[in-house]
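Open the structure in your viewer and keep a selection tool at hand. The stops below are meant to be taken in order.

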Amino acid sequence: MESQVAVVTVPFPAQGHLNQLLHLSLLLAGRGIPVHFAAPEPHLREARARVHGWDAAALLAIRFRGLDVPAHASPDPDPSSPFPTHMQPLFEAFCDGGGARASLAALLEELSASHRRVVVLHDRMAAFAAGEAARLPNGEALGVHCLAASYNVGWMDPGHRLLREHGMVFHPADACATREFVALAKRMGQERRRVPGAGMVANTCRALEGEFLDVLAAQSASSSDGHKLFAVGPLNPLLNPVPDTPAERHPCLEWLDKQPPSSVLYISFGTTSSLRAKQVRELAVALRDTNQRFVWALRDADRADMREPGGERRLAESAASLLGDAAAQGTGVVVTGWAPQLEILAHGATAAFMSHCGWNSTVEGLSHGKAILAWPMHSDQPWDAELVCKYLRAGILVRPWEERGDVTPASAIREAIERAMRSDEGAAVRERARALGDAVCAARANGGSSSRDLDDLVAYVTR
């Protein structure tokens, strides 16, 4: 018997992308829409394990569907490479290998036979999904943009007025990623042009990128992403600084409970890059010398097959030997496993976030009103740092992009920490971040711009 509309979300298999698509899936499932989250099995497992900020029962509303991926290499991360070259075999196997496409096609055919319509919400880097949706008599696809909306403006016109007025520099893709990844991104762009979607869903809001959204909306008629633009961000939950205490909390949160308000620096560089041992030492020395309270999520990058990383203990021991008495005296905490980032960012003791500036982390930080100490590593991250520091004025740059090949010395890191945490300039930046956090919350609240766009997306999907 024919049923209602089914939504299939198809993320790109990298944590920052998986996380955004899973948050979107949970938002839609919360509106009563049947949602199927389709990804390789190891990434389904990790996405479920790592998501936080939602009621445990919320995940029960999602159907998790495995996608086949051909056998591929899964080397250890290379800390000497800013770009996660160790993930490239997975990315190519997923997008080009045929297995994910074939298993997605089978899932879509199954759903097509029992639903009035099937809507595929796919990461724009998984654009093969749009082609499979187009094969259905009752199928439709929309791309999900997991980068900043402003990135697209810079990509289309690096000399755009908004960039010039704010002194922003758009670094070309081949300066921020490997030749192989840029070629893959171009192939996915060709897929989008071959089968244009109905529109684009963006993890952003008018409070962060309103002017850039207006530029994209004005050009939507000629966009391969389709005519519709839904700015529904932030997709992540917005947590209360003083949450209802769950039965079990991460030890770092209990440590944060004992710290003064707005006194702690949270440090994390995401899941795709590993710091060189020399860089770990320089950062540890800077933290020791500033006597700055901190929570440092120090772990190796994810492997392509999501097997347990093995370098955390080595990295942590290296940091601990240089931090000296800091940890023993309660000045800081090093987290070597998975850190509850949203809870850390929402906590009242956290003042700022030293980050690689991946868009997922950037939005999570800004949506909780935290200033960002920007340390971009690769891909879109240099642009996000430009947006945060120059346009939003809610961040301080730790290391210029032009010095990405060098080990950033402790003296430069120390200067950035002191600017952010102990200067009038830093106080102004932190206040600006707090105001942005309030504006982002207002965008998500009933009647806000993101709430209205989510209502429009739900109405379009279920029409």
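This is a predicted model: local features need pLDDT of at least 70, side-chain atom pairs count only at pLDDT 80 or more; totals for chains, interfaces and linings use all residues.

Select phenylalanine 12 and phenylalanine 91: their rings make a tilted pair, 4.6 Å centre to centre with 35° between the planes. Phenylalanine 12 is in the loop between strand E1 (6–10) and helix H1 (15–29), while phenylalanine 91 belongs to helix H3 (residues 88–96), so this pair ties together parts 79 residues apart in sequence. Phenylalanine 12 counts as buried at 2% relative accessibility, and phenylalanine 91 is buried with a relative accessible area of 4%.

Next, select phenylalanine 212 and tyrosine 391. This aromatic pair is edge-to-face, with 5.0 Å between the centres and 65° between the planes. Helix H9 (residues 206–218) holds phenylalanine 212 and helix H15 (residues 381–391) holds tyrosine 391, so the pair ties together parts 179 residues apart in sequence. Both phenylalanine 212 and tyrosine 391 are buried.

Now look for charges over rings. Select arginine 50 and tryptophan 338; the charged end of arginine 50 sits over the ring of tryptophan 338, 4.1 Å from its centre. Then select arginine 463, whose charged end sits over the ring of tyrosine 460 at 4.0 Å from the ring centre.

Finish with helix H18 (residues 449–461), where Tyr460 is one of the buried residues. H18 has 13 residues and reaches 18 Å from its first C-alpha to its last, close to the 18 Å expected. Its buried residues also include Ser449, Asp453, Leu457 and Val461.

How values were computed. Residues are numbered from 1 along each chain as its sequence is written. Side-chain values use heavy atoms; hydrogens and water are left out. Helices (H or I, at least four residues) and strands (E, at least two) are DSSP runs, numbered from the N terminus. The expected span of a helix is 1.5 Å times one less than its number of residues. Buried means under 20% relative accessible area, exposed over 50%, partly exposed in between (1.4 Å probe, protein chains only). Rings of Phe, Tyr and Trp (its six-membered ring) pair if their centres lie within 6.5 Å; planes under 30 degrees apart count as stacked, over 60 as edge-to-face and the rest as tilted. A charge sits over a ring if NZ of Lys or CZ of Arg is within 6 Å of the ring centre and within 35 degrees of the ring normal.
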